[in-house]
Amino acid sequence: MIAADNSFALAAVLLGIVAFGLWAETRPWGRKVSGAFLILVISALVANLGLIPHEAPVYGSFAGIFVPLAIPLLLFQADLARVLRETGPVLTAFGICVVLTMIGALVGAALFDLDQEAKIAGALTASYIGGSVNFVATAQAVEFTDQSLYLATLAADLVGAVVYLSLLMAMPAFALLRRFMPSKYISASGEMIAEAPPADADDRERPFELAGASLAIAVSVAICAVAQGVAGLIGQPQLFILLVTAGALLVANFARPLVRRFNAEFAIGTWLMYAFFAAIGAGADVATVIATAPAILGFILTLVFTHLILLVIVGRLMKLDLAEVMVASNACILGPATAAAMPAGLGWRSLVTPGLLTGILGYAIGTFCGVGITGLLS
């Protein structure tokens with residue numbers, strides 16, 4: 001119904017879907033499925049019903065502008081010094097989780113025959129060490145551009161994440177596992193031992209300030225400009241996203257006075273990524289998704305089970321705490337939001353900040369790990 005060259009009308013549809021997804025996340029039913037998933041599903045449905053086209057110039061604009069701009073905004077809080085200073089044993093467990101995730105990806109790639117295997121494995125490895133931003137950044141870095149395969153991979157990624165979280169939350173219920181890897185946060189009978197919340201002024205929400213938000217956006221654009229210039233200068237345009245990531249980390253860790261003046265950068269970066277997800281959903285062919293997703297899901301489940309089984313074995317050998325291992329694994333596979341929410345909900349207050357910070361560390365290194373896996377499998 002809307003022509004491919006009607007860019008403003010298409011942008012209005014996609015951004016309307018994003019607005020709905022964000023609104024849904026404020027409702028209990030929306031939080032259960034996530035706004036990102038709703039955005040992907042609705043935009044794909046609208047496109048496959050013929051209301052909007054599968055291909056349009058505006059979709060490419062979303063990918064080419066929104067994604068590079070979002071990466072620094074989502075990484076400006078990746079203070080690596082704070083991660084090393086405050087996370088303690090959770091950081092050690094997180095490092096183990098990263099290695100085991102990469103091993104799981106290699107095992108999955110050996111067991112399942114996937115179209116564009118190296119690119120899919122790399123993008124999913126990045127996602128399961130960092131998050132969606134790393135999935136997108138790695139996909140762009142390795143030129144994973146098939147829209148239908150892309151959406152199939154994202155859809156399977158969500159299912160795998162649900163399976164993983166279910167297994168993770170069930171771990172304390174097994175008496176054998178509690179004896180195998182005892183925890184000071186879990187009683188012998190399996191009850192959670194609650195703690196008093198620590199004071200952490202740095203994590204308090206700040207009121208929105210337009211000046212701080214504008215500064216964050218300006219710095220993000222500047223990083224993208226420098227990265228594009230360097231990539232062109234050395235004749236390696238495919239390194240653009242990696243250079244953007246590296247530039248964002250440099251600012252995050254060596255320009256802290258500047259970063260402290262930013263405001264709402266993570267929220268803006270999330271909105272940009274959601275807009276990109278809407279464009280991805282619109283470009284998907286559902287028939288191809290249905291035909292392709294089972295193999296991708298098999299790869300993901302193999303990655304998840306390999307990760308968890310080896311984690312229990314290594315955790316036992318290294319005498320790690322079960323609760324700390326759970327938080328570290330959550331930070332690695334699902335990211336900082338759930339890694340902070342899980343211990344908060346279980347009363348493990350002292351693990352909230354380590355979960356959050358190691359999850360942010362995953363954002364910082366996920367893209368590099370994903371590109372590395374793609375290189376190993378190519």
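Analyst: Here is a quick tour, from the overall fold down to single residues. Keep in mind that this is a predicted model.

User: Okay. How many helices and strands does the chain have?
Analyst: The chain has 18 helices and zero strands.

User: What about its overall dimensions?
Analyst: The C-alpha atoms fill a box of roughly 65 × 50 × 45 Å along the principal axes.

User: What share of the residues is buried?
Analyst: Of the 378 residues, 52% count as buried.

User: What is the accessible surface made of?
Analyst: It comes to about 16,300 Å². Carbon and sulfur atoms hold 69% of that.

User: Which residues form the nonpolar patch on the surface?
Analyst: The patch is formed by Leu167, Phe305, Ile309, Ile313, Leu317 and Met318. Together they have about 570 Å² of accessible area.

User: Which helix gives the most to it?
Analyst: Helix α15, residues 286-317, with four residues.

User: And where is Met318?
Analyst: Met318 is in the loop between α15 and α16, the latter being residues 322-333. Its relative accessibility is 43%, so Met318 counts as partly exposed.

User: Where does Glu143 sit, and what is its phi?
Analyst: Glu143 is a non-glycine residue with a positive phi, near 60°. It sits in the loop between α8 (132-141) and α9 (147-170).

User: Is Glu143 buried or exposed?
Analyst: Exposed, with a relative accessible area of 51%. The cut-off for exposed is over 50%.

User: Switching topic. What is the span of helix α11?
Analyst: Helix α11 covers residues 210-233, which is 24 residues. From first C-alpha to last, α11 reaches 34 Å. That is close to the 34 Å expected at 1.5 Å a residue.

User: Which residues of α11 are buried?
Analyst: Gly212, Ala213, Ala216, Val219, Ser220, Ile223, Cys224, Ala227 and Ala231.

User: What covers them?
Analyst: The cover includes α4 (57-75), α12 (240-254), α13 (256-259) and α14 (265-282).

User: And which residue just after α11 has a positive phi?
Analyst: Gly235, with a phi of about 70°.

User: One more. Where is Thr101?
Analyst: Thr101 lies in helix α6, residues 89-111. Its relative accessible area is 0%, so Thr101 is buried.

User: What is Thr101 in contact with?
Analyst: Leave aside its neighbours within four places in sequence. Then Thr101 is in contact with Thr125, Tyr128, Ile129, Leu303, His307, Cys332 and Ile333.

User: And what separates Thr101 from Thr270?
Analyst: Their C-alpha atoms are separated by 24 Å. Along the chain, Thr101 and Thr270 are 169 residues apart.

How values were computed: Residues numbered from 1 in each chain as written. Predicted model: local features only at pLDDT ≥ 70, side-chain atom pairs only at ≥ 80, totals over all residues. Heavy atoms only, no water. Patch = residues over 30% accessible without salt bridge, like charges linked within 9 Å, V, L, I, M, F, W, Y side chains within 5 Å. Areas by Shrake-Rupley, 256 points an atom, 1.4 Å probe, with all protein chains shown as cover. Salt bridge = Lys/Arg side-chain N within 4 Å of Asp/Glu carboxyl O. Helix = DSSP H or I, 4+ residues; strand = E, 2+ residues; numbered from the N terminus. Buried < 20%, exposed > 50% of the residue type's maximum accessible area, 1.4 Å probe, protein only. Expected span 1.5 Å × (residues − 1). Contact = heavy atoms within 4.5 Å.
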